[in-house]
Amino acid sequence: MSCPSRPTDVSCPKGYAMFANTTLSSSPDENGCCYWSSFDLTSFAKGQRLKAYVGLLNGKGPRSGDHTVIKIFRDEVGTETMCNIEIKKSKTAQSFVVPFTGVISPEFPIHFTSLLKACMDDVCLMKNALSSGRKLCKQEWVLIEEKIGKNFQNFVSHSGKANPTTATKILEAFVHFTYHNSAGKLVVCGLEGSSERGKTCLKTPTIHSVTKEYGGWDLGEKGIKMVFANHVCNDLCREFITPRHFSDRAEPSAPFDPDLAYGGEFDVSQMPRYDQFSPYSFGQYFNFPSPPPYQMYPDLRLACAFNQTTTPYQPNYHHPISA
């Protein structure tokens, strides 16, 4: 998809690109407003996949003039598809907040930052010339994220390990709740952000899903099992389902026989012979040879059903199969 052009009413000053990085108009936010952003030449934080820059929103929407965070893919040129995956993760995580907050923690709200996507317009020529790492280029896609508070913390890791000094039992229960509420299809983890004045604001998390549709960090069922290997249930989530409810291996319906399980030979003579039928069929036991005669002689079924003598019915015949 080609990058959208920036509307004339939100254009940056002419020649501004010599000293700053700028984007084209973003995707619309929840209010339908689009913004373009200018941002710093140097990142203030680096993760394993993304670099973060301080930016400023420009345009005619209510957020114009707000500080924001511009995220750029660190090792490869960002594409629209890569941005869409990050946006999908944020929206998916946020979709669990309402049911969780309403039932589990109405007094401790959780919020995941919203993301916009935009295409680069101008790249600072001076900074690019001096940079030793991957250089920004025009037409690559970047993410515009809400600014989180100053007290940035790691609560739960990508592998589901809770930080003993920062994680609360509510956030740990939220991780488990996403698995429970999705019927075992995914789990949200990698919770990082800030908690101020009773509200927790989190950046885009990691999601492990059965379908592996949430990018390179989505480790599928392996990731789900890893999270629950590290997760410790508390009183808020102890009743939620866990991966053991969806075990691939069914419980055996008969006692375990190692000889049969590990290549032992099957001996027909070891099978028990059932010479009597259950009373569920005829109301009493009847002594029949095995196999049952009515399998070859259907008329005997009726004779058996009407036999009500105290002496078990003994048919007077020679069964060819049991000979």
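**A buried lysine**

Mentor: Let us begin with Lys71, which is buried, its relative accessible area being 11%. Please keep in mind that this is a predicted model.

Trainee: On what grounds does Lys71 count as buried?

Mentor: The cut-off decides: buried means under 20% relative accessible area. Lys71 has 11%, so the residue is classed as buried.

Trainee: With which side chain does the side chain of Lys71 make a polar contact?

Mentor: The partner is the side chain of Glu145, at 3.1 Å. Lys71 itself belongs to strand 5, residues 67-73. Setting aside residues up to four places away in sequence, Lys71 touches Leu50, Lys51, Val142, Leu143, Glu145 and Lys203.

Trainee: Where is Leu50 placed, and is Leu50 buried or exposed?

Mentor: Leu50 is in strand 4, which covers residues 50-58. Its relative accessible area is 15%, so Leu50 is buried. Beyond its neighbours within four places in sequence, Leu50 is in contact with Lys71, Ile72, Phe73 and Arg74. Leu50 and Arg74 illustrate how sequence and space can be read side by side: 24 residues separate them in sequence, while their C-alpha atoms are 4.8 Å apart.

Trainee: What share of the contacts in the protein chain comes from residues 24 or more positions apart?

Mentor: Among contacts with a separation of 6 or more, such residues account for 58%.

**Reading a sheet**

Trainee: How should I read a sheet?

Mentor: The general idea is that strands of a sheet pair through backbone hydrogen bonds, either parallel or antiparallel. In this model, an open sheet of 4 strands shows the order 6-12-11-9, and its pairing is mixed. Strand 6 (110-112) and strand 9 (153-156) are the edge strands, each pairing on one side only. On average, neighbouring strands of this sheet are turned by 40° against each other, direction ignored.

Trainee: What packs on the sheet?

Mentor: Helix 4, residues 169-181, does so, touching strand 6, strand 9, strand 11 and strand 12 (199-202). The direction of helix 4 makes about 60° with that of strand 6.

Trainee: In which sense do strand 9 and strand 11 pair?

Mentor: Strand 9 and strand 11 (residues 191-196) pair in the antiparallel sense, over 3 bridges. Gln153 has Gly193 in strand 11 as its bridge partner, and Asn154 has Glu192 in that strand.

Trainee: How many bridges join strand 11 to strand 12?

Mentor: There are 4 bridges, and the two strands run antiparallel. One of the pairs is Glu196 with Lys199 in strand 12. Strand 11 and strand 12 form a hairpin with 2 residues between them. In the turn, Arg197 has a positive phi of about 55°.

**Positive phi in loops**

Trainee: Which residue has a positive phi of about 75°?

Mentor: That residue is Gln139, although it is not a glycine. Gln139 sits in the loop between helix 3 (125-130) and strand 8 (141-146). Its relative accessibility is 47%, so Gln139 counts as partly exposed. Lys212, also not a glycine, has a positive phi of about 50°. The loop between strand 13 (206-209) and helix 5 holds Lys212, and at a relative accessible area of 54% Lys212 is exposed.

**The nonpolar cores**

Trainee: How should I read a nonpolar core?

Mentor: In soluble globular proteins, nonpolar side chains tend to be buried together. Here the largest nonpolar core has 29 residues, and those with the most contacts inside it are Ile110, Phe112, Phe174, Val188 and Leu191. At least two residues of this core come from each of helix 2 (97-103), strand 6, strand 9, helix 4, strand 10 (186-189) and helix 5 (220-230).

Trainee: Which element supplies the largest share of this core?

Mentor: Helix 4 does, with 7 residues. Apart from this core lies another, of 14 residues, among them Ile70, Leu116, Ala118 and Leu136.

Trainee: What does Ile110 touch?

Mentor: Not counting residues up to four places away in sequence, Ile110 touches Gln94, Val97, Phe100, Thr101, Ile170, Leu171, Phe174, Thr200 and Leu202.

**The whole chain**

Trainee: How many helices and strands does the protein chain have?

Mentor: The secondary structure comes to 8 helices and 13 strands. Of the 323 residues, 42% count as buried. The protein chain exposes about 18900 Å², of which carbon and sulfur atoms supply 55%.

Terms used: Residues are numbered from 1 along each chain as its sequence is written. This is a predicted model: local features need pLDDT of at least 70, side-chain atom pairs count only at pLDDT 80 or more; totals for chains, interfaces and linings use all residues. Side-chain values use heavy atoms; hydrogens and water are left out. Two strands pair if DSSP finds at least two bridges between them. Axes are lines fitted to C-alpha atoms, for helices over the stretch in contact, and angles run from 0 to 180 degrees between N-to-C directions. Contact means heavy atoms within 4.5 Å. Buried means under 20% relative accessible area, exposed over 50%, partly exposed in between (1.4 Å probe, protein chains only). Accessible areas come from the Shrake-Rupley method with a 1.4 Å probe; for residues, only the protein chains shown count as cover. A nonpolar core is a set of buried Ala, Val, Leu, Ile, Met, Phe, Trp, Tyr and Cys residues joined through side-chain atoms within 4.5 Å. A polar contact is a pair of N or O atoms within 3.5 Å; within protein, one must be able to donate a hydrogen and the other to accept it, and residues adjacent in sequence count only if both atoms are side-chain atoms.
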